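Q: Hi, I've got this structure open and would like to go through it bit by bit. Can you help me with a few quick questions?

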Amino acid sequence: MLTSGGDCSGLNAAIRAVVKRAVHGYGAEVVGILDSTEGLLASPPRTMNLGVDLFSGAVLRSGGTMLGTVNKGNPFDYPIPGGGTRDRSAEVVKAIHDLGIDGLIGIGGDGSMRILHGLMEMAEVPFIGIPKTIDNDVPMTEFAIGFHTAVGVVTEAMDRLQPTAASHHRVMIMETMGRQAGHIALSAGIAGGADVILIPEIPYSIGAVATKLRDILLEERRNHALIVCAEAARPMGGDSHFVEQSGSVVYGGIGHRLGQELHEATGAETRVTVLGHVQRGGTPSSFDRALASSFGVHAVDLLATGATGRMVSFWDGGIRDVALDEVVGKAKPVNLNGSRMRTARGLDICMGNDG
Ligand code: F6P
């Protein structure tokens with residue numbers, strides 16, 4: 001098994017579940033591949049044997065991934081020094097065969113799942129995916145590992161911001177992660193009592209947000225306000241804030257831009273908090289631990305029945321699995337007609353496009 005893409009809380013719980021189920025349920029031997037496909041491109045491949053004895057203590061409770069991970073270096077399009085890329089997929093396939101792997105469980109987001117599925121089809125080795133990402137934008141599952149914990153981190157931060165906002169009569173802006181989708185901002189904004197939530201799916205009008213703030217500060221005579229914005233939120237007719245670093249798109253800066261624009265538009269004193277990777281680390285929530293454990297057990301059971309090309313999924317309160325072909329290359333933005341959005345509107349939260 002391997003972990004791939006950006007880390008999040010709950011990965012170790014999933015690794016533990018896979019090992020326990022595989023060893024106790026099927027007498028299987030589990031090998032962990034280190035640093036995702038990088039471990040398979042190394043010569044010799046970098047792996048560790050995963051026995052149940054490794055999981056007797058703190059692993060279930062720990063953040064990060066004990067196997068390491070990467071979110072770049074696609075073997076089909078591998079960057080080479082000096083620029084350009086080359087296809088190294090055959091090297092991965094050779095490593096899989098050399099290691100004698102009978103089946104692979106990959107914990108990753110949508111992009112990782114696409115790459116791993118393609119590699120394992122080439123290798124003709126069964127593959128099962130387990131969805132993870134704090135962004136919760138993997139299609140065909142209501143929840144991916146890590147999302148619940150990240151929402152908890154943002155909500156707790158808002159609980160800490162509200163009293164200082166009230167004490168100083170300020171507008172607090174909280175910038176969250178969420179590069180393609182605003183699930184974290186929407187859920188944490190509702191849970192944390194936001195007055196305004198800005199998500200990438202709804203380009204915002206600074207005028208609408210300023211009107212909302214004036215209503216709160218002047219009409220309602222409240223002395224403070226809370227705004228949550230996803231890192232990829234963008235103004236109407238404008239772009240998200242990002243820079244490119246070694247081929248990766250790095251979001252950030254929208255919170256500070258909003259802070260300045262809203263100060264200029266309303267005169268309110270604004271302050272900005274960017275939680276960044278804090279949302280990805282730390283102890284997983286009980287929900288994420290239970291989800292990761294259920295996903296791990298189900299993934300092993302699927303492999304044991306000879307299944308391949310499937311992803312475990314949480315749907316309608318239960319664990320099921322779906323074809324990876326229904327997942328890869330598809331998006332899962334916030335459903336603008338869904339219940340979370342209805343809740344936000346019902347709470348009179350400004351979503352950036354009204355007023
Ligand atoms: O996709 C998950 C995510 O945490 C995004 O929300 C964020 O934009 C990105 O990863 C950050 O990635 P990196 O760890 O490369 O900065």
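Q: Is Asp195 buried or exposed?
A: Asp195 is buried, with a relative accessibility of 8%. Buried means under 20% relative accessible area, exposed means over 50%, and partly exposed is in between, using a 1.4 Å probe and protein chains only. Do keep in mind that this is a predicted model, where local features need pLDDT of at least 70 and side-chain atom pairs count only at pLDDT 80 or more, while totals for chains, interfaces and linings use all residues. Residues are numbered from 1 along each chain as its sequence is written, and side-chain values use heavy atoms, leaving out hydrogens and water.

Q: OK, and which residue forms a salt bridge with Asp195?
A: That's Arg222, and the closest N and O atoms of the two are 2.7 Å apart. The pair ties together parts that are 27 residues apart in sequence, because Arg222 lies in the loop between α7 (206-219) and β10 (225-230), while Asp195 lies in the loop between α6 (183-191) and β9 (196-198). Those helices (H or I, at least four residues) and strands (E, at least two) are DSSP runs, numbered from the N terminus. A salt bridge here is a side-chain nitrogen of Lys or Arg within 4 Å of a carboxyl oxygen of Asp or Glu.

Q: Why would side chains like that pair up?
A: Side chains of opposite charge can pair when their charged atoms come close.

Q: How accessible is Arg222 itself?
A: Arg222 is partly exposed, at 26% relative accessible area. It also meets the side chain of Glu220 in a salt bridge, at 3.6 Å from N to O. Glu220 is partly exposed as well, with 48% relative accessibility.

Q: What about Arg221, what's its phi?
A: Phi of Arg221 is near 55 degrees, which is a positive value in a residue other than glycine. You'll find Arg221 in the loop between α7 and β10, and it is exposed, with a relative accessible area of 72%.

Q: Where does Ser36 lie, and what's its phi?
A: Ser36 lies in the loop between β2 and α2. Its phi is positive too, about 55 degrees, although Ser36 is not a glycine. Ser36 is buried, with a relative accessible area of 1%.

Q: New topic: is the peptide bond from Ser43 to Pro44 cis or trans?
A: It's cis, with omega near 0 degrees. Pro44 is in the loop between α2 (37-41) and β3 (47-50).

Q: Back to salt bridges, how many are there?
A: The count comes to 14. Among them, Arg280 pairs with Asp7, the closest N and O atoms being 2.9 Å apart. Arg280 sits in the loop between β13 (270-274) and α9 (286-304) and Asp7 in the loop between β1 (2-3) and α1 (11-26), so this pair ties together parts 273 residues apart in sequence. Arg280 is buried at 19% relative accessible area, and Asp7 is partly exposed at 21%. There's also a network of salt bridges that links Arg86, Arg88 and Glu91.

Q: Which residues are around the ligand?
A: They are Asn71, Ile134, Asp135, Met177, Gly178, Arg179, Glu231, His277 and Arg280. A residue counts as near if one of its heavy atoms lies within 4 Å.

Q: How far is a polar side-chain atom of Glu231 from a ligand oxygen?
A: For Glu231 the distance is 2.5 Å. A polar side-chain atom of His277 lies 3.0 Å from a ligand oxygen, and an N or O atom in the side chain of Asn71 is 2.9 Å from one.

Key: Polar contact = N/O pair within 3.5 Å; in protein donor to acceptor, adjacent residues only side chain to side chain.
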